[in-house]
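Work through the exercises below with the sequence and the model side by side, and try each task before reading its solution.

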Amino acid sequence: MRLIKSMILSLSMYSKIPMPQIECDEEDGKYMMIFFPMVGCIIAAATIGWSLLCSRLEIPEVARITVLAALPLVVSGGFHMDGFMDTADARASYQSRERKLEILKDPNIGAFAVIRVVVYELLLLASFSVLQEQKWLIVFALCYCLSRILSGISVVTFRSARQEGMLFYTAKTAQRMTNLIVLSLELIGIVAVMILYEPIAGCVAVGAALLTFAYYGWMSRRTFGGITGDLAGWFVTVTELVCPLALAVANCILHSIK
């Protein structure tokens, strides 16, 4: 029963998927990170389903790529994009570490956040316009799971930048070792599926995600002294751009060689 409550809490917090209202205590949140990748699986299923529908009904390309870009925002409610925007403003401020952490908590949106979101979405649309092959698109869709698995691992292993906030509370109450073991098994599983299903695309996507993860760890320590919920959201969002960009570039290179 506790695992079911943890799943409901995770889906309620990290998505807009309707969940039943339940009474929970601190113990029920200990395994939330285990179920965090489920949100990615739902986005992946929606992405693959929409792509197949477009192929069957010959839906125009503009509609195809626009809906593909909107799906993660619709399912997650923009939860991670909010962190991306806050992080964009904080990093662009070039202020002290303490001031940057304050900017992360500021609910107002700055100009740099808006600019980066526009660029983000344009690059995402460009990537989707290149990813026409169904197998490569399916590999990309699985990146929604991969990004959340890696984000969950960071929550239970990386140092928190401050001793407050939702991420600090989640990390503090989580059964770290249990979460880490299960998330590691999930990571091995999703990586194996991606590479076995389409070796080239799988290796490119996994490599891009791991490089982004390494940069996220370095940047968060250097700039903020650790991670916060906004930075974790930044990582998920950036990974879900870097992976399709890397796949699009690799796809273009392969086609040019042929």
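The expected span of a helix is 1.5 Å times one less than its number of residues. The model examined here is a predicted one.

**Exercise 1.** Work out what span helix α4 (residues 61-76) should have, and compare it with the distance between its end C-alpha atoms.

*Solution.* After α4 comes glycine 77, with a positive phi near 70 degrees.

**Exercise 2.** Decide how helix α8 (residues 134-157) and helix α11 (residues 199-224) are oriented towards each other.

*Solution.* The two helices pack with their axes 10 Å apart and at an angle of about 30 degrees. Angles under 35 degrees count as roughly parallel, and α8 and α11 are therefore roughly parallel to each other. The crossing of α8 past α11 is right-handed. Residues including Trp136, Cys143 and Leu150 of α8 meet a set in α11 that includes Ala205, Leu210 and Phe213.

**Exercise 3.** Is asparagine 251 buried or exposed?

*Solution.* Asparagine 251 lies in helix α12 (residues 229-257). Its relative accessible area is 6%, and since buried means under 20%, asparagine 251 is buried. Leaving aside neighbours within four places in sequence, asparagine 251 is in contact with Val130, Glu133 and Trp136.

Technical notes:
Residues are numbered from 1 along each chain as its sequence is written. This is a predicted model: local features need pLDDT of at least 70, side-chain atom pairs count only at pLDDT 80 or more; totals for chains, interfaces and linings use all residues. Side-chain values use heavy atoms; hydrogens and water are left out. Helices (H or I, at least four residues) and strands (E, at least two) are DSSP runs, numbered from the N terminus. Axes are lines fitted to C-alpha atoms, for helices over the stretch in contact, and angles run from 0 to 180 degrees between N-to-C directions. Angles under 35 degrees count as roughly parallel, over 145 as roughly antiparallel, 65 to 115 as roughly perpendicular and the rest as oblique. A crossing is left-handed if the near helix is turned anticlockwise from the far one by less than a right angle, and right-handed if clockwise. Contact means heavy atoms within 4.5 Å. Buried means under 20% relative accessible area, exposed over 50%, partly exposed in between (1.4 Å probe, protein chains only).
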